[in-house]
Every structure is written in C-alpha cells, then in structure tokens.
Amino acid sequence: MYKRFFKRWLDFLLVLCALLLIWPVLVVLTVIGAIMMKGNPFFLQPRPGRDEKIFNLIKFRTMSNCVDEEGEPLPDHERLSGYGKFLRKTSLDELPELLNILKGDMSLVGPRPQLVRDMVFMTPGERRRHSVLPGLTGLAQVNGRNNIPWEKKFEYDLQYIEKITFLGDLGIFLKTFGKVLRQEDINQHGDEIPADLGDYLLACGKVTEEEYRQKQAQAKKLLEEWKSCGR
C-alpha cells in the first residue's frame, strides 16, 4: 500500500515543504556557483530512472569546463575545483535533485541513479534495481556509500526493492543525516572521484578490453537515441 499509493505523494509533499524552507540557500548557492564556475552553476546529466527511462539529473556543478588544446575536457581530477570539493564533501551539490523528485523522476529514498555507462555493465539481475524510482539516498548510501564495492552496492539496492516500507524509508532517511553531518564514505578509498562501474570491472579483470569497448559503444548509442527523441 505504501509503495504503490503513498510513497510518491509523501515525496512530493515533503520536498515541496523543504524547497519552501531552503530556497534562500539554493539562491545563494546558485549565485556563488555562477561566480566560482564562471557560468552556469547547474549540471545536468542523463541517468537511467524507473524502467530504465533516461532523465536529466540536476546537480550543482562541481567541475569546471576547462579543455585541452584539442578542445577535449581535461581529466576529472583536474577540473574538480576547491569549491567543488566543498560541495561534494557537504553533499550540497545534491540539493537540486529535489527538483527531480518534485517532477517525479526520483524519490527521496531508493537506489541511487547511476550513469548510463554504468547501467550497460550491470547484469540482468542487477538491473532489477531500475524497477523503482531512483532515490536521493538509499540503503547503499547509509551502508558505505562510495567506500563499498559496486557488487555490495547492488546487493543493498536489490535488498531494498524487495521490501519497501514507510519505516524502512524513514530509517534510511534519518541515517542519511548522520552520514552527511559526519561526512562519511564520500570518497572511494581516498579517491575524490569514484571509478565508473566499467572501469572498475576492467581493472578487476571481470571484463575484457573488447567487452569494455562494446559496452561503452552501447551506452553512447543509448544516449544518442535518447537525445534524438527530444529527451
């Protein structure tokens, strides 16, 4: 009953109240972000949602748009600014995702929306995590976040979708505040930018170079088809 009828309405009402309370913070971060990033302070990125329908995730930008001599973006670690590190450390970069929840792209609690290029590397079983709306926080986030292996994240995601309850969501939501305040598990074993699933599997020898290239091409094709449909 909760999962089917009440969860979405509760998300909507709670997020609407939250936005009414924190809109001054969002305005200040938007202005500061525009100055620090020398332009658009927001970052939109395609992510697979429920039933693997792609949507634009909205976040505060944490990386610059600096490019090399060929016009290609510099490596992520070179584009991550001190301001961006602060936003990630405090999880303030996630606040615009409240708009995704209001729109119905996401829920307050659910499996975190991963990249499209991560999705194509998941097994059919792991992709069952996309049977529900992705969340601002989730069971994996309160049990290690970026400091647990990808396989463990998916275990928690699948465990969550098997039994979605109000008390379960409330417990995850409250634990999230503690994690944010203590700034725990933000980095992956000291890395400021966690490895993508494909890179992780390649490094572990779980996929070959050829499989890696094929999956990356598959992800690129999915994004091109999504863009061609007008998003």
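Visitor: What am I looking at?
Guide: A predicted model, in which local features need pLDDT of at least 70, side-chain atom pairs count only at pLDDT 80 or more, and totals for chains, interfaces and linings use all residues. Residues are numbered from 1 along each chain as its sequence is written, and side-chain values use heavy atoms, leaving out hydrogens and water.

Visitor: How many helices and strands does the chain have?
Guide: Helices (H or I, at least four residues) and strands (E, at least two) are DSSP runs, numbered from the N terminus. Here you get nine helices and four strands, in the order α-β-β-α-α-α-β-α-β-α-α-α-α.

Visitor: What does the radius of gyration say about the chain?
Guide: That radius is taken over C-alpha atoms, and the globule rule is 2.2 Å times the number of residues to the power 0.38. For 231 residues the rule puts a compact globule near 17 Å, and the chain's 18 Å agrees. The C-alpha trace spans about 50 × 45 × 40 Å along its principal axes.

Visitor: How do I read burial, say for lysine 7: buried or exposed?
Guide: Buried means under 20% relative accessible area, exposed over 50%, and partly exposed in between (1.4 Å probe, protein chains only). Lysine 7, in helix 1 (residues 2-36), counts as buried because its relative accessibility is 10%. Across the chain, 43% of the 231 residues are buried.

Visitor: Which side chains make polar contacts with the lysine 7 side chain?
Guide: A polar contact is a pair of N or O atoms within 3.5 Å; within protein, one must be able to donate a hydrogen and the other to accept it, and residues adjacent in sequence count only if both atoms are side-chain atoms. The lysine 7 side chain has one with the side chain of aspartate 169 at 2.6 Å and another with that of tyrosine 160 at 3.1 Å. Looking at contacts in general (heavy atoms within 4.5 Å), and skipping residues up to four places away in sequence, lysine 7 touches Tyr2, Ser107, Val109, Tyr160, Ile164 and Asp169.

Visitor: Where should I look for positive phi values?
Guide: Most residues other than glycine have a negative phi. Lysine 38 has a positive one of about 55 degrees, and serine 91 has one near 65 degrees.

Visitor: Where do lysine 38 and serine 91 sit, and is each buried or exposed?
Guide: Lysine 38 is in the loop between helix 1 and strand 1 (42-48) and is exposed, because its relative accessibility is 79%. Serine 91 lies in the loop between helix 3 (82-90) and helix 4 (97-103), but with a relative accessible area of 13% serine 91 is buried.
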